Amino acid sequence: MRRILLQTALRRTLNDIQHVSPVPMRKAIGLTSTVYQQAEREFGMLPLPVVLHASAPDALAACWLMLRESLVVTGHVKRDTKEAVATTVSLSNGCTYCAQVQGMALEALSATSPEDTEADHGVRRVADWARSGASATTAARRVPFPLKHVPELVGVVLTFHYINRMANIFLPDSPLPRGIPRALRSRTLLMFSHLMRMALHAEHPPGASLDLLPTGPLASDLAWTRENPHVAEAFARAAVAIDAAGARSVPETVRNLLHRLLANWTGELPDRFFIADAVAKLPPPDRPAGLIAVQTALASSQVDTATVVEFRKTRPTDESLVELTSWASMSAARRICTWITADLEEHESLHG
């Protein structure tokens, strides 16, 4: 009963999504309903970083495919290691919402796992590797784990660089429902971790989400997925869906600008003047979309209500906003993963 009550309360937090109108679970249909049901069942609660995509169902499914097949599945890598990587990436991106959710997951896992000092050191090494990947200049070129772990762990890194950007734009700082007194916040977080515990320890077979999107070719920058066919399929399908969303909702001039900026980007946080100067080179009608795209990719915390309002003067739908930010987030996340997978051929020769 408590589990049902908590899940119901969490569904009400859809109202905390900013800039777009959330789709309640009771009104979700088709692909959106299927993703909602699978995500709530396998994640333990309805994850708002996935739900915020609901006005663009293909982007919604793409986000869930990446999250499920890298983090949620019962695969080669233990869930606590993957949650530690997700937390580390979220902290590096200043995404307190995601960091708290993953912290709840780690709390739930640690409550049922025996202490293992050697295993803990291994998790820390992997977390340190993930932390180094926030910059091209500090990225650890040799990964501290076997080659067969690469698809899941790099997949978690890409997924959370993507999700963090979306969450920074559309979600509040905390997953707790509004109105929770400060004195009850710790207890409520503990209750949420209990809610997640059953899902965290259940078996989640790989590939169960793949049919949500059609298959597609695997892009060359996603070649690190190939050792795991399910992860490869998930990221291939997600990338195709998000690229198509970008083609629909992002002006070509904006796509070209962001590709040029990302080609020279090494992870630094640009100031507003740099972004404004870059966007000023666009045709005037494309500048509102360009500003949101560049901010999303390079400095997602800078996207504010005024920027969104200006964008909506020419592109008023929720779908356009979600598809634009989804494409920009994915572009940045894929760029980051080129840094941390640069020397995988050498790694393969070292680890066999």
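1. Arginine 334 is found in helix H15; helices here are DSSP runs of H or I with at least four residues, strands are runs of E with at least two, and both are numbered from the N terminus. At 13% relative accessibility, arginine 334 counts as buried, where buried means under 20% relative accessible area, exposed means over 50%, and partly exposed lies in between (1.4 Å probe, protein chains only). Leaving aside neighbours within four places in sequence, arginine 334 is in contact with Leu158, Ala219, Asp221, Leu222, Ala239 and Asp243; contact means heavy atoms within 4.5 Å.

2. This is a predicted model, in which local features need pLDDT of at least 70 and side-chain atom pairs count only at pLDDT 80 or more, while totals for chains, interfaces and linings use all residues. Residues are numbered from 1 along each chain as its sequence is written, and side-chain values use heavy atoms, with hydrogens and water left out. The predictor's confidence in each residue, pLDDT, runs from 0 to 100. The protein chain has a mean pLDDT of 89, and 86% of its residues reach 70 or more. Over residues 348-352, however, pLDDT stays under 50, and the model has 4 contacts beyond four places in sequence for this stretch.

3. The secondary structure of the protein chain consists of 16 helices and 0 strands. Of the 352 residues in the chain, 55% are buried. Among contacts between residues at least 6 apart in sequence, 77% join residues at least 24 apart.

4. How do the axes of helix H4 and H8 cross? Two packed helices are described by the angle between their axes and the distance between the axes. The axes of H4 (residues 57-72) and H8 come within 8 Å and cross at roughly 145°; axes are lines fitted to C-alpha atoms, for helices over the stretch in contact, and angles run from 0 to 180 degrees between N-to-C directions. In H4, Cys63, Met66, Leu67, Ser70 and Leu71 meet residues of H8, including Glu152, Val156, Phe160 and Ile163. The residues of this contact divide into 9 nonpolar, 3 polar and 1 charged; Ala, Val, Leu, Ile, Met, Phe, Trp, Tyr, Cys and Pro count as nonpolar, Asp, Glu, Lys and Arg as charged, and the others, Gly among them, as polar.

5. A search of the whole structure finds 3 aromatic pairs. Rings of Phe, Tyr and Trp (its six-membered ring) pair if their centres lie within 6.5 Å; planes under 30 degrees apart count as stacked, over 60 as edge-to-face and the rest as tilted. One of the pairs joins tryptophan 129 and phenylalanine 145, and is edge-to-face because the ring centres are 4.9 Å apart and the planes stand at 85°. Tryptophan 129 lies in helix H7 (residues 117-132) and phenylalanine 145 in the loop between H7 and helix H8 (150-170), so the pair ties together parts that are 16 residues apart in sequence. Both residues are buried.

6. Tryptophan 265 and tryptophan 339 form a tilted pair, because their ring centres are 5.4 Å apart and their planes are at 50°. Tryptophan 265 lies in the loop between helix H11 (252-263) and helix H12 (272-280), and tryptophan 339 in helix H15 (residues 318-340), so this pair ties together parts that are 74 residues apart in sequence. Tryptophan 265 is buried, with a relative accessible area of 4%.

7. Glutamate 268 is found in the loop between H11 and H12. At 41% relative accessibility, glutamate 268 counts as partly exposed.
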